[in-house]
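User: I would like to go through the ligand site and the aromatic contacts of this model. Please take the questions one at a time.

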Amino acid sequence: MADILIIGGGIAGASAAYELAASGSVILLERESQCGYHSTGRSAASFTENYGGVVIRRLALASRAFLESPPEAFCDFPLLSPRGMITVARADQLELLRAELELARTLVPSITTLDVEAAIAQVPVLRRDYLAGAIIEPHCMDLDVHGIHQGFLRGAKSRGAKLIMNAGVETIDRVGDAWRVGTTAGNFFARIIVNAAGAWADRIAVQAGVRPLGLVPKRRTAFHVPAPPGQDIGAWPMVNDVADEFYFKPDAGQLFVSPADATPVEPMDAYPEDLDVAVGVERLERATTIQVGRVSRSWAGLRTFAPDAAPVVGFDSGVAGFFWLAGQGGYGIKTSPALARACFSLIHEAALPDDLLALGITAAELSPGRFRDAIPLELTS
Ligand SMILES: Cc1cc2nc3c(=O)[nH]c(=O)nc-3n(C[C@H](O)[C@H](O)[C@H](O)COP(=O)(O)OP(=O)(O)OC[C@H]3O[C@@H](n4cnc5c(N)ncnc54)[C@H](O)[C@@H]3O)c2cc1C
């Protein structure tokens, strides 16, 4: 019998396995033949401290040190590379841009206003008649998602964790003090289950007799278009609309574009709808001089949100031994180092790490209990 059984091998399950295997026996179960098949393999690979709610922003800040200087054995190449991000606004969005700047600067003072001409100098395809204002986050980075995910999986394995693919969880029940988890690869037993099943996390809860939290998977579309002729796009910053109507950035010689859609759907192997791609093309063409001749590849992934759009990390308040690590929304890669360390502390019924507490992150705002019962006071800070 293992100490801990993790369900889901995306970035959440992988990072938790890495941390938890340092102090106990861990089995990770993944339904697919490869761990990054769902949301983790479909992201925009962006590390920004200026996107998402305040809890998310703090968790990103708390993850930066690990991503900048991972432990020596983790990988032998950088996980972050400089990108920068310009948040742009039309005339009708200037009030929103002012509010965004104010919020951003409370946590990241290096985020500043950028003159429209300076924004166009950095991204020459931006239309002068579209752009009324901009702010810049100079230290926004590109993430090497594959490198981070594989680093966690490799590290977990070298600490003794067993990673089992093609192991779809079908039944979960109690046998004495233990959980018995029936999968397509056989039965597994553990004292604690960590539910890191992404879009399926509420379904796993129901299988275990735990009340679901009301997690909502939301589909987001992305596509590649060829770089505009005559433009050297490699050094362009990411461009993000202040009202979350689109974003684009250079990606392996092409432009990665998203209409920033967030359509609630059932948990599934998400695929892009033609209409969402067309909306993305229309928004890109409206804000820039780019005329899209063809879309070279399109895909979609699920961003799964709790009712307050903050992640859920902690023991279920109703059922013993059932631990949630879910609801990472559109921010699960950049926050994974901090969330995995929070997971380690809370599983061991300890206070959160000091650096997380110093940033104002509390166990209470991560706890599944915030959606129903009060959580034990000793875990609130
Ligand atoms: C278009 C897009 C852009 C994004 N951009 C960014 C970004 O720039 N930066 C950022 O930080 N985040 C971004 N995200 C969000 C990020 O990708 C997610 O928050 C993160 O990948 C969630 O990780 P996860 O491990 O929870 O989910 P997943 O990667 O989906 O992993 C969950 C795993 O659980 C497994 N599973 C489910 N049910 C079972 C079962 N019954 N038995 C066994 N296994 C099961 C699934 O097969 C899956 O592999 C983006 C997401 C999308 C879609």
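**Ligand site and aromatic contacts**

Analyst: In this predicted model, a nitrogen atom of the ligand lies 2.8 Å from a backbone N or O atom of V169.

User: How much of the ligand's accessible area does the protein cover?

Analyst: On its own, the ligand has 1000 Å² of accessible area. The share of this that the protein covers is 97%.

User: Which polar backbone atom is 2.9 Å from an oxygen atom of the ligand, and which is 3.1 Å from a nitrogen atom?

Analyst: Polar contacts are N or O pairs within 3.5 Å. For the ligand oxygen, at 2.9 Å, the backbone atom belongs to S46. For the ligand nitrogen, at 3.1 Å, the backbone atom belongs to G330.

User: How many residues surround the ligand, and which are the closest?

Analyst: The shell holds 38 residues. By type, 16 are nonpolar, 15 polar and seven charged. The closest of the 38 are E30, T40, V169, G329 and K334.

User: Which element gives the largest share of the shell around the ligand?

Analyst: Both α1 (11-20) and β18 supply at least two residues of the shell. The largest share is three residues, and it comes from β18.

User: Which kind of aromatic pair do F256 and W299 form?

Analyst: The model has 14 aromatic pairs. The rings of F256 and W299 are 5.6 Å apart, centre to centre, with 70 degrees between their planes. Planes over 60 degrees apart count as edge-to-face, so the pair of F256 and W299 is edge-to-face.

User: How many residues apart in sequence are the parts that this pair ties together?

Analyst: F256 is in strand β16 (residues 254-258). W299 is in strand β18 (residues 297-305), so the pair ties together parts whose separation in sequence is 43 residues.

User: Are F256 and W299 buried or exposed?

Analyst: The limit for buried is under 20% relative accessible area. F256 has 2% relative accessibility and W299 has 10%. F256 therefore counts as buried, and W299 is likewise buried.

User: Which residues make up the aromatic cluster that includes Y18?

Analyst: One cluster contains Y18.

Methods
Residues are numbered from 1 along each chain as its sequence is written. This is a predicted model: local features need pLDDT of at least 70, side-chain atom pairs count only at pLDDT 80 or more; totals for chains, interfaces and linings use all residues. Side-chain values use heavy atoms; hydrogens and water are left out. Rings of Phe, Tyr and Trp (its six-membered ring) pair if their centres lie within 6.5 Å; planes under 30 degrees apart count as stacked, over 60 as edge-to-face and the rest as tilted. Helices (H or I, at least four residues) and strands (E, at least two) are DSSP runs, numbered from the N terminus. Buried means under 20% relative accessible area, exposed over 50%, partly exposed in between (1.4 Å probe, protein chains only). A residue is near a molecule or strand if one of its heavy atoms lies within 4 Å of it. A polar contact is a pair of N or O atoms within 3.5 Å; within protein, one must be able to donate a hydrogen and the other to accept it, and residues adjacent in sequence count only if both atoms are side-chain atoms. Accessible areas come from the Shrake-Rupley method with a 1.4 Å probe; for residues, only the protein chains shown count as cover. Ala, Val, Leu, Ile, Met, Phe, Trp, Tyr, Cys and Pro count as nonpolar, Asp, Glu, Lys and Arg as charged, and the others, Gly among them, as polar.
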